[in-house]
There are 2 protein chains.
Amino acid sequence: MKTILILSGGLDSTVLAAKLKAEGCELKCLTVDYGQRHAREVAAAEKVCAALGVEHKVVRLHGLRELMAGSSQTDPSVPVPHGHYAEDSMKKTVVPNRNALLLSAAFAWAFSCQADTVAYAAHSGDHAVYPDCREEFCAPFAQAMKNADWHVAELERPFLELTKAQVVAEGAALGAEALMALSYSCYEGRAEHCGLCGTCVERKEAFSLAGVADPTEYEA
Amino acid sequence: MKTILILSGGLDSTVLAAKLKAEGCELKCLTVDYGQRHAREVAAAEKVCAALGVEHKVVRLHGLRELMAGSSQTDPSVPVPHGHYAEDSMKKTVVPNRNALLLSAAFAWAFSCQADTVAYAAHSGDHAVYPDCREEFCAPFAQAMKNADWHVAELERPFLELTKAQVVAEGAALGAEALMALSYSCYEGRAEHCGLCGTCVERKEAFSLAGVADPTEYEA
């Protein structure tokens with residue numbers, strides 16, 4: 001099985017990389033640098049792939065920023081909101097059409113190299129904030145991708161029904177604690193995780209609920 | 001009605017720009033430079049927008065080329081095939097997942113600026129060669145886009161049932177002969193249209209079948 005994994009360098013996609021590698025996939029990881037606020041996630045993705053010994057491509061698509069006004073993740077004039085991930089204020093972190101762009105890029109690679117599947121790590125906790133993590137988006141998108149090329153590749157979303165705490169538990173069950181420690185989640189993008197932004201709050205909570213020791217150094 | 005039009009600078013999207021402008025749309029045109037063999041199409045798109053007096057964004061996404069091996073349009077090691085557009089050899093000109101990438105970028109802009117629709121100029125003659133011009137791709141993709149953001153934008157494909165000759169006839173009916181003359185179709189990308197590649201053959205044939213004088217200078 002040849003699989004293209006969308007690897008952001010965050011916790012969820014890092015655990016999914018460990019899982020697919022453990023299952024014996026021929027794994028190729030894609031990180032899209034679409035002009036996020038910071039490069040630390042990309043650096044984390046590189047470390048994860050080096051640790052797993054899998055192929056990694058980083059594709060720079062900074063031109064997309066021009067189309068993405070209004071998101072705290074691509075527009076420096078919008079401050080990063082603090083608080084719990086599920087709050088309404090977190091909608092400021094929505095990057096317009098991010099998943100369609102990431103998935104389309106991954107499928108382009110899958111069609112070029114005749115991969116069997118494209119995998120990504122959307123989980124159930126994403127749905128409340130991100131419209132493009134919902135089944136209403138994913139199901140028709142996956143169907144469109146089956147007809148986008150003469151080669152057929154399938155979309156795989158193994159974590160769709162899991163909470164983030166269950167993703168962390170899966171990582172621990174795979175013995176991927178050291179790999180999870182390499183991942184980076186913070187929206188602020190400083191050397192240490194801030195501990196206050198939506199993804200930091202969610203990351204802390206996930207380790208705590210899973211009963212797994214959190215290897216992350218937080219500022220707060 | 002606020003509309004984002006995907007404008008390649010080729011004949012079909014140029015006629016669609018004329019049509020939407022004539023219908024009174026607030027038109028914003030998007031040209032994606034994904035590392036096509038040449039920049040002449042992009043320059044043609046600029047001229048078309050200047051002539052119509054509409055907003056134009058050119059977004060450079062050259063990083064995509066790394067994901068698109070094997071197409072004559074993005075991989076310099078693959079020669080441009082000559083002959084009729086509908087021949088099997090034209091499959092070499094398929095750019096992997098091109099439409100999903102272009103449409104996803106256009107919808108990102110539509111979500112950012114709260115546009116009502118995204119328009120593109122796929123026509124019936126495209127289907128034989130390009131899997132991602134087929135209804136089996138377009139219908140589920142449009143459905144996915146309705147659920148990709150909290151803002152809803154619709155996909156418009158007004159030329160889907162038309163032949164390219166009918167698109168040219170539409171351009172002539174709109175009085176857009178001068179605009180069509182600004183458009184550029186050739187896969188070779190030299191100053192004049194080569195007259196031999198698939199799109200040149202198709203362009204000539206469309207003007208001829210429509211009974212519209214072809215303003216294009218061909219080398220052959």
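B:Asn97 is buried, because 29 other C-beta atoms lie within 10 Å of its own, where buried means 20 or more such atoms within 10 Å, exposed means 12 or fewer, and partly exposed covers what is in between, with C-beta atoms placed from the backbone. This residue sits in the loop between strand 3 and helix 3 of chain B, and its phi is positive, at about 60°, although B:Asn97 is not a glycine. Helices (H or I, at least four residues) and strands (E, at least two) are DSSP runs, numbered from the N terminus.

The structure is a predicted model, in which local features need pLDDT of at least 70 and side-chain atom pairs count only at pLDDT 80 or more, while totals for chains, interfaces and linings use all residues. Residues are numbered from 1 along each chain as its sequence is written, and chains are lettered from A and ligands numbered from 1 in the order in which they are written.

A positive phi, near 55°, is also found at A:Gln114, a residue other than glycine. A:Gln114 lies in the loop between helix 3 and strand 4 (117-119) of chain A, and it counts as exposed because it has 12 C-beta neighbours inside 10 Å. A:Arg40, in helix 2 (residues 40-52) of chain A, is partly exposed, with 18 other C-beta atoms within 10 Å. Leaving aside residues up to four places away in sequence, A:Arg40 touches A:Tyr184 and A:Gly189, where a contact means that the C-beta atoms, placed from the backbone, lie within 7 Å.

Two pairs of helices are set out in the table. Their axes are lines fitted to C-alpha atoms over the stretch in contact, and the angles run from 0 to 180 degrees between N-to-C directions.

| Helix pair | Axes come within | Crossing angle |
|---|---|---|
| Helix 5 (164-173) and helix 7 (198-210) of chain B | 8 Å | roughly 60° |
| Helix 1 (11-22) and helix 5 (164-173) of chain A | 9 Å | roughly 40° |

Helix 5 and helix 7 of chain B are therefore oblique to each other, since angles under 35 degrees count as roughly parallel, over 145 as roughly antiparallel, 65 to 115 as roughly perpendicular and the rest as oblique. Their crossing is right-handed, while helix 1 of chain A passes helix 5 of chain A in a left-handed crossing; a crossing is left-handed if the near helix is turned anticlockwise from the far one by less than a right angle, and right-handed if clockwise. In the chain A pair, the residues of helix 1 that meet helix 5 include A:Leu11, A:Asp12 and A:Val15. By class, this contact of helix 1 with helix 5 of chain A has four nonpolar, one polar and four charged residues, where Ala, Val, Leu, Ile, Met, Phe, Trp, Tyr, Cys and Pro count as nonpolar, Asp, Glu, Lys and Arg as charged, and the others, Gly among them, as polar.

Helix 4 (residues 135-146) of chain A has buried residues, among them A:Phe137, A:Cys138 and A:Pro140. The buried residues of this helix pack against helix 3 (98-112) and strand 5 (154-156) of chain A, together with helix 3 (98-113) and helix 4 (135-146) of chain B.

The contact between the chains takes 35 residues from chain B and 35 residues from chain A. On the side of chain B that touches chain A, helix 3 of chain B gives the most, with nine residues, and the residues of that side divide into 21 nonpolar, seven polar and seven charged.

Conventions:
Contact = placed C-beta atoms within 7 Å.
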